[in-house]
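The sequence and coordinates go in first, and my notes come after.

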Amino acid sequence: MAKMRKKADLPTKVCACCGLGFAWRRKWARDWDQVKYCSDRCRSAAKGRAQREPRA
Ligand SMILES: [Zn+2]
């Protein structure tokens with residue numbers, strides 16, 4: 001059986017960088033569909049590893 005329920009049924013995703021799961025945060029409310037990483041650190045790490053993107 002599943003563990004105890006969390007306080008809320010927040011949507012979750014798996015970080016594309018570190019592979020850990022993370023839950024919805026209010027700061028992502030606007031662009032949750034585009035969130036792929038659990039943190040800014042993972043995002044920049046993944047981008048830095050994959051390819052260098054010119055700052056727009
Ligand atoms: Zn991560």
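Below is what I looked up, from the whole chain down to single residues.

**Ground rules.** I'm working with a predicted model, where local features need pLDDT of at least 70, side-chain atom pairs count only at pLDDT 80 or more, and totals for chains, interfaces and linings use all residues. My numbering starts from 1 along each chain as its sequence is written.

**Confidence.** I checked pLDDT, the predictor's confidence in each residue, from 0 to 100. The mean for the protein chain is 85, and 73% of its residues reach 70 or more.

**Layout.** I found one helix and two strands in the protein chain, running β-β-α from the N terminus on. These are DSSP runs numbered from the N terminus: helices are H or I with at least four residues, strands are E with at least two. Among these elements, β1 has the highest mean pLDDT (97), while helix α1 (residues 40-50) has the lowest (86).

How many of the 56 residues count as buried? I get 4%. My cut-offs use C-beta atoms placed from the backbone: buried means 20 or more others within 10 Å, exposed means 12 or fewer, and partly exposed is in between. For contacts, I ask that two C-beta atoms, again placed from the backbone, lie within 7 Å. Taking contacts between residues at least 6 apart in sequence, 20% join residues at least 24 apart.

**Cys-18.** I located Cys-18 in the loop between β1 (12-14) and β2 (21-23). Cys-18 counts as partly exposed because 15 other C-beta atoms lie within 10 Å. Leaving out residues up to four places away in sequence, Cys-18 touches Cys-38 and Cys-42. I also took the C-alpha separation from Cys-18 to Ser-39, which comes to 9.8 Å across 21 residues of chain.

**Ala-23.** Next I went to strand β2, where Ala-23 sits. Ala-23 has 13 other C-beta atoms within 10 Å, so I filed it as partly exposed. Its contacts, not counting residues up to four places away in sequence, are Leu-10 and Thr-12. The C-alpha atoms of Ala-23 and Thr-12 are 4.3 Å apart, though 11 residues separate them along the chain.

**Ser-44.** Last stop was helix α1, which holds Ser-44. Is Ser-44 buried or exposed? Ser-44 is exposed, because 12 other C-beta atoms lie within 10 Å. C-alpha to C-alpha, I have Ser-44 at 9.4 Å from Cys-17, with the two 27 residues apart in sequence.
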